[in-house]
Structures are given as structure tokens and as C-alpha cells.
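Let us walk through this structure step by step. Keep the view open as you read.

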Amino acid sequence: MKNVSLDIREGEVHVLVGENGAGKSTLVKILCGIYTPNEGEMYLGGKRFNPQRPLDAIQAGIRMVYQEFNMLPFLSIAENIYFEKFPSKRGLVDYRTLYQNTENIMKEVGLNGSPQDPVEFLGVAQKVLVQIAKAISTEAKIIILDEPTAALTSKETQRLFDIVRQLNKKGVTVIYISHRLQEILEIGDRVTVLRNGEKVDTQEVKDITIPGIVKMMIGRDMETEYPFDPDVKTGQEVFRVEELKYRGGKNTISLSLNRGELLGIAGLVGSGRTETMRAIFGADKRIQGKIYLRNKKITIKSPKDAVKHRICLITEDKKMQGLILEMPCSVNITITDLTQIAKLGLLNYGKEHKVSKELIKEFAIQTPSDLQLVKYLSGGNQQKVVIAKWMFRKADILIFDEPTCGIDVGAKYEIYLLLWRIAAQGKGVIIVSSNLPELIGICHRIIVFSNGKVSGEVERDNFNQEEILSLAYQNYI
Amino acid sequence: MREAGIGIALILLIVFFLIFSPNFGTTSNWSNIFTQITLNNIIAVGMTFVILIGGIDLSVGSVLALSAVLSATILVSKSISTSVAIPLSILTSFGIGIIIGFLNGAITEKWKIHSFVITLGMMNIARGAALEYTDAATIYQLPKVFVKFGSTQILGFIPAIFIVALILVIIGHFILTRTVFGRFVYTIGNNEEAVRLSGHNTSVYKISTFAICGLMAGIAGVIYIARMSVANASIGTGYELNAITAVIIGGTSFSGGKGSMTGTFLGACLIGVLNNGLILRGVSTFIRQMIVGLVLIVAVIIDKYRKKISTAMQDKMVNQFYKE
């Protein structure tokens, strides 16, 4: 970071935006005492503030709600909220007060359930709320929310915004980091744009527009937000799933996919989209269901079977499930099909080098070399490595779960173009996404999931945000 | 990088003992050192595979004992001629190692239980089986040809059994760095789920590493009786811990995915030289044990710092790249 000066006012929602690597996280980590700055000073309420460790920041009333939830999964909601300071009586935990306080605070943030529920079974939205509840319980003055809505549905997001507004009324300041620009207009008071570790500007939200922010973020104008090529025509059906029921599912699901098609899967988080895709791929067991590839019935019992039929799944959680972070790009790319670079079980490093370099070039992956460890790549480039590894395997059916989750605006556009390129090669692409404008922007057709069932199917000509949303909510009433 | 550090430490240690222990540099002492590190080296080769894949095998010492007593019984059996008994006993030894290793891996994978627990159980099962089988008696008077191999010296100071260990290290190194199987060991050790979702049956590879580890224990069993010319059910106690120590000092990450066979070899040599040199300096067994423990802890701490420095350097280079 270089020479960043920033003022934050009491009781405002101050939004930080910028592409990945722009320095948002570094900035808030300095506020939280996780990093110490080399130069410069901070003042809190007019007094010099110089946190040396996270505890200093916490004691000064600064709380961060983390992207990766730092929770104690096997303990209860109450214990998670109060573990730093349990209410006690004569040195023993006073459980009655603990549960009473927790219940009050859960009501305040709109969290259902019992204080004794273990955190591990909560949904993402509820986990965010637990963290906010914890911040409130310690009477934090500044709460930092880092991408809190990344995995939330629009309804959950609205509830979060309500809570943020309530906090503002009580004089709590919120620093809000988000990639979703629409949210800034909705919740922010002021916005600071960062680029390459420098501050571009701070502006009042009422004075800005989304294209304006994007321009500040990437330093240039952006063409269209979503590419759609009307010249790419979809062909015959290549892939069909009939009456599939995933483990824990109540209903059967059927869907079909055509050649060259980008098929969107919309629905709320928890509506069974991810579970269905994982069951198709064989990543999780399924109870029933037939799968047809080019009208021929195939058996998929494990990811190995799926990959054999050139069906692949690009999971949402790339870091845990898609990439081997501590290993080079080349290893990550070739892992899908080592037979191409090996003979009689012996690896041919020269060939691996060559094919990886070709793919890195083809997909414009920005890396100093194919031997660079994947963990050092940006989110967008990591996603490209995942795509490259499946193109190396010559996948025909590609299922993407949240392909642009956590990827910054400029890189998103590149990913969309890549999806289009894949479809134009006559492959079938399924895209699961919680970002409805994204699906509407790039897909030929959208299938809507609602509470474990397919509640509707919409062709591109009839795309309509309200209608798709109402389909997504249809089975919850 | 990592290996270079251990290599330098080993050289410094040798130089130190050459200066301060007059008898350290004699050929007979070198021969001693080679003999002393042979068994640990062989077992550590197998242990490296298992630790790289994120597991651990505590049963190797007991497997060594079981395979040693079984093959010794065949060797001393009056009803089998020596020319048949030797290959048969070797095969039995290897076979029992592979079978127990396979069971370790298969049970671990089938029920998804940490290998620490399963191999802890297997350690007791194998030891108990060896004791039951021999009734805790010692078997001796093994065939002369067989025992002779155990004390053969090449060039007058390199034991033949050490050559066996060296060959196993080289094969292990080759498998890890040059083969598809080795690639799976490293990738699974780093992120098993990613490999599984890339369309591979990870269990097969994981079970194989345990089978390799068992095989190494079986080989070590044969080498042990060839060298000592006796076998009983209580040999090899604590060998699993020595092997783990060598692997960790050799720089292999205990959580898997990172490490090398060269590191393991150097780690085993380091412990061997240290033990031998300290004996020559007249340091008591108890103090030696303490020193080896200390070296393990210090090695891991140094490794931590080394990692920090290399990460920082890497970060700097990467930042440079993205700036341009």
C-alpha cells in the first residue's frame, strides 16, 4: 500500500471497493492490528491509534466479520458469540445469563433458532449474522464487513442491510467491502476506491454511478458488463438428467442441455442447485436418477466416472476443491489427465512444460511461469487455471458453480468471454449462480430451482428478473 | 533448498567429529555408521511415502518383528532345504509386509479414520502375533549363506546391506519425482479433494503408499535377521519413531504434500552420524536420546523460518511481476 489517507465518519457506512489485490483487505487488516503499517498514523476519535495486535483493535471497539468465517464449528451459537468473555458466577460459566443474552441479541439481528444450536449446521447467512451478533455483543464502535453478501441471497442481503441501518442509528460505524457494486448505491454513505494499493478517490455515494466506480477501479472504461453473442446458435441435446434425487433431497430433478448452450441455474442458496450438480458429477452420492450423454445412458458413481465421460464440475470453493494451491500451475493443469504427459507411468516433464505453457497462453493466465505456485495467482487467474485444466482433459460438459464468486469486475468479464468461447466450441455449459443479472446477461436459458425442485424454465427471449425471482421463491410459501 | 540445509548440517557434523573424535574417521567406524543407519533408512523410505500423503504408520517396527520371526522360522526349518528356504523366507517377509500395509491403508480409507489410530492398533496386533507365534522365544542358527550376506563388506568398509538401503532410497526418489504415482502422492498430500474432483480414485494411491511402507518394513525384517543372525518377537521396538524422526528432520511436512526422499536419506544419515559421533565422544545413551530429540525440534523450527524467508522472497518476486 502506498500513501493511503482516509477519514471515516461516525455512524456512516463507508464502502471500500477495488479489484482483488487493490489493497482493501490489507487496509482493514491494518485497522484490525493484524498488520502494522511501515509509515503513517491512525487516529481514533481524535486520539492516536496504533494497534500492535488484534487484541488492541478489539479493545478499541473495532470488529471484523471475516470472509472466511473464523468460528468454532462444534460449539453453540451462544458460545461462539460470548467465548471471549463468558458471563460467569463464582468462576463458573453462568449458562442461564449466557443463553438469555444470546437470545436477546439473536432477536436483534433476526437470527432464528436456539442459542444452543451448534454453529456447524448453520447456513452461510446465519453464520454472518452470528459474527455480527458477536460484534454487537462487545459493543463495537466500528464493524468491518468483508464481502458479507458473497454467499447470501438477495432476501438475506436485504435483512443484512436492515441490520446495518439499525447499527448506524445507534452510532456504529460500518466499513463495508464488496464486489457487488449495486450494493454500494443501496447501503453506502461514502465510497473509497482503491487501485494497486493506492487510493483513487473518496466520494459521496449520491454523487456516483456504477460505470463511474468501475472506471475508477480498473482505470479505464468497461465495454459491456455481460457479453452475449447472438451468432452462437445452440444445437441438439447433448446431456440429459432424468429424475435425479440427491441425498437429502425430497424431490426429483430433470434437466437437459444442448450443444453450444450456456444454461443458467438460478435459485436461492440452499435450493438444491449445488447438491444437484455435485450428485450429477458423482462428487456426492445420489439416491436415484438416470444420466444420458448424447442420448446414451451412462453410469456415474464417482467423479472418476464423470470425468471419463468428459463431464466436469468446477466447484464454487476453488481453493479447497479445485486447486492444489501449494503446487505449480502446470501440476494443476495436467492433474486431470496425466496419461497425456506420461508413458508407462513415467512423467515427461518437457511435455508437461510445453502443454501448460500453451494453455497458459491460450487462456491468458497472468503468471511469471508455469512453475509458479497457484496460491500466488489472483482469483481470476486461479479460475482460469481451473478452466484450463478441464480444457486439457477435453471436457465436453462443463458445470460451473458460481464461476465469478470472489472475482473482481475486470476479471469477471474475461471469465464470461471464456465461457462463451467454450460454448462456441460446441460444448455444453451449465452455470449455477446466485447473481441473477449475470445469468440473465450471459445465458441462453435459465432453469430456476426453488426449495429442492425445478420451479420453472425461461428462454432468453423471456428473461425477466422479477419473474425468475418469483419462480425462485415459489416453493417456499 | 531444504535438502541443502540438511546436507550442510550433516557435513558440519562430520567435520566436527573428524576433528574432535580421533576414531571417527577410521574405515571400521564408517562401516559401523553405514550399518547403523541401514535399517532406519529402509523403513524411512516407506514412511516418507505415507507421511507425504498425509498419513502415518506406527506399525512398521512390529511388522519388522513379525516378518523377521516368520522368515527366520522358515530358514531354520529342517524340512525345507536352504536353497528353497531363503527365497521362500524373503517372499514371506515381503508378503506379510505388503499385506499388513494394505490392511492399514484399506481400513483407513474404508472407514475414513486417521491412520494414526489404525496403525496404532496394527502395531499391537503385529507385535502380539509375533509374540504368540514364537512364544517369545529367540530363533537362531540361521543358514550360513544368509547370515554371510548380512556381514559382507564391499571395498572393505561398505556393508552390502547398506547398498540395499541405498538402492531403495534411489528407487523411492525416482518413484516420487519421475512417475505418475509420485505425482499423485504429492498432489493428494496437498489437496486430496481437488485430486478426487479431478476424476481420480485417491484411495487406490493412498492404500498403495501404506502397502509400500509395509513392504519396506518386511525388507527391513529380512535385513535385520541377516545382520543379527537371530530373530525374536521384541526386535524393532521404537523403529517407527526413529523413521518418523528421520523423515521430519529430512524436511518432510508432517501434514503431507511437501518433502523428498533425498531429505529423508540425509535425515537418517544425520541421526546416524550424530549417534555414532556422540558414542565415540563417550556421551551416555540417555544424553544421546535427549540430543536426538532436541535436534528434531530444532530442525522443525529452523524449517519454519526457512519457509517464512522463502515465502517472503517469493511474494516479493510475484509483486514485482504483477507491477510490470
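This is a predicted model. Start where the two chains meet. Here 25 residues of chain A are in contact with 21 residues of chain B. Which parts of chain A build its side of this meeting place? Three elements each supply at least two residues: helix H10 (303-308), helix H11 (318-322) and strand E18 (346-347). The largest share comes from H10(A), with four residues. By class, 17 of its residues are nonpolar, six are polar and two are charged.

Next, turn to a sheet in chain A. Strands of a sheet pair through backbone hydrogen bonds, and the pairing can be parallel or antiparallel. This sheet is open and has six strands, with mixed pairing. Follow them across in the order E16-E19-E20-E13-E21-E22. Which strands stand at the edges? They are strand E16 (311-314) and strand E22 (453-459) of chain A. Each has a single partner strand, so one side of each is left without a neighbour in the sheet. On average, neighbouring strands of this sheet are turned by 20° against each other, direction ignored.

Zoom in on one pair. Strand E13 (residues 262-266) and strand E21 (residues 445-450) of chain A run parallel, and four bridges join them. Find A:Gly264, and you will see A:Ile446 of E21(A) standing opposite.

Helix H15 (residues 409-424) of chain A lies across E13, strand E19 (397-401) and strand E20 (428-432) of chain A. H15 of chain A runs at about 150° to E20(A).

Notes: Residues numbered from 1 in each chain as written. Chains lettered and ligands numbered in written order. Predicted model: local features only at pLDDT ≥ 70, side-chain atom pairs only at ≥ 80, totals over all residues. Contact = placed C-beta atoms within 7 Å. Nonpolar A, V, L, I, M, F, W, Y, C, P; charged D, E, K, R; others polar. Pairing = 2+ DSSP bridges. Axes fitted to C-alpha atoms, helices over the stretch in contact; angles between N-to-C directions.
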